[in-house]
Amino acid sequence: MKRRSLSAVFSSVTLILFSFNGVAAEDTPLIYEDQDVRMRFVQFTPQQISAFYEGREFSKTAVEKLVKSCYVTLILKNKTSDILWLDLDQWEFSHNGKKFNRHTRAFWEKQWDDIKLKKAHRSTFNWTLMPAVRNLYPQEGVGGRIPIPMQSAPFSLTLNFPTGKNKQGKMKSVKIENLNCKQNDLK
Amino acid sequence: MKQLTILCLSLLISVNPALATKDLPYGIIELEARDAPALKLKDIDGKTYDIKSSRGKWVFVHFWATWCGPCRKEIPTIQDVITKFKGTNLDIAIINTSESEDTVFNFLGLLAPDISPLMDNEGLVTERWQPRGLPATYFVDPQGRLRYLALGGRPWNKADYFEFLNKLKEAAPKAQ
């Protein structure tokens, strides 16, 4: 790589520090682990979400749309020796017993069409999302954001995982209570 | 006799260049062989690469982005792969997904200055390959078929991965 001057290389120090500040800003994550799965939930404030996408040169109007949603960020590992299916349509978000839906990729495409978001940013956004469906191999991990409507009170998430190559195995279910949409720190 | 032996070995390699599954390092899985999608992009210095030009060699095809945590961890190990295998019978294609030249240059300048990534400016090539996520690494055989997939980020500079890459390099017919 020889495109730029050496001085530009040193400016990267700032970028790297900025990148890792984003990680440092995380609160203690919620971790769930049993014999089949390990899950790590991280919540980001609207300010943190805004900073992430602004740092990727998203427009102000795009960021304004983004911060209206809440993002359940999850890193998941299949600890079994079989295929474990990630299938977001089988996951249920609920608050006080009332179910609510996540914001799907189709929802976001409509948002992006409205503001004519450029393809590169649509691509980046899509790659930050949790895949909608994935056959997780033994010991494979996956991570990403699941956007949901902003919630003002704690909510629960029931994660249903079909198992086996053709989903023929027993359904694995885990319920996580007291998830929150983390709000900006006003101090 | 020696020439006949070499010919037989060459034929064996070209018919079935895959390694036995038991020889694969952790996190590398064998795929049902199928034609690799098209890959033709300019690198950050403006030089065009077309995967068709790598016929006759194995190709290490890697997708990444600077915002992705596992990618940041993995990139220095890919720099080591490039140092070790550049100019050999293992071609290496590193594709940045949808980021600007400034972002990529500033990031790699510090961590991996020997990488000249191919710039998938709008993410369309990445979408065509449909990786399971970022980072993603595929191995394309000398006939242009997808043969192996690495699950997530891998420590490519560890001995068992170097050995795997060495076997691919040795399995490729010599470049013309």
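Which residue forms a disulfide with B:Cys68, and how far apart are their sulfur atoms?

Modeller: The model is predicted. In it, B:Cys68 forms a disulfide with B:Cys71, and the two sulfur atoms are 2.2 Å apart. The torsion about this S-S bond is about 85°, so the disulfide is right-handed. B:Cys68 has a relative accessibility of 3% and therefore counts as buried; B:Cys71, at 1%, counts as buried as well.

Read from the N terminus, its elements follow the order α-β-β-β-β-α-β-α-β-α-β-β-α. Chain B has 176 residues, of which 55% count as buried. Among its contacts with a separation of 6 or more, 75% are between residues 24 or more positions apart. Its accessible surface comes to about 8200 Å², with 54% belonging to carbon and sulfur atoms.

Over all chains there are two disulfides. The other pair to describe is A:Cys70 with A:Cys181, whose sulfur atoms are 2.2 Å apart. Here the torsion about the S-S bond is about -105°, so this disulfide is left-handed. The pair links distant parts of the chain, 111 residues apart: A:Cys70 lies in strand E3 (residues 69-78) of chain A, and A:Cys181 in the segment after strand E10 (172-179) of chain A. Both A:Cys70 and A:Cys181 are buried.

Aromatic rings complete the picture, with 25 aromatic pairs over all chains. One of them joins A:Phe52 and B:Trp67: the ring centres are 6.3 Å apart and the planes stand at 75°, so the pair is edge-to-face. This pair crosses between chains, since A:Phe52 belongs to helix H2 (residues 46-55) of chain A, while B:Trp67 is in the loop between strand E4 (58-64) and helix H2 (69-85) of chain B. A:Phe52 and B:Trp67 are both buried. They also belong to a cluster linked by ring pairs, whose members include A:Tyr53, A:Phe58, A:Tyr71 and A:Trp108.

Technical notes:
Residues are numbered from 1 along each chain as its sequence is written. Chains are lettered from A and ligands numbered from 1 in the order in which they are written. This is a predicted model: local features need pLDDT of at least 70, side-chain atom pairs count only at pLDDT 80 or more; totals for chains, interfaces and linings use all residues. Side-chain values use heavy atoms; hydrogens and water are left out. A disulfide is a pair of cysteine sulfur atoms within 2.5 Å. Helices (H or I, at least four residues) and strands (E, at least two) are DSSP runs, numbered from the N terminus. Buried means under 20% relative accessible area, exposed over 50%, partly exposed in between (1.4 Å probe, protein chains only). Contact means heavy atoms within 4.5 Å. Accessible areas come from the Shrake-Rupley method with a 1.4 Å probe; for residues, only the protein chains shown count as cover. Rings of Phe, Tyr and Trp (its six-membered ring) pair if their centres lie within 6.5 Å; planes under 30 degrees apart count as stacked, over 60 as edge-to-face and the rest as tilted.
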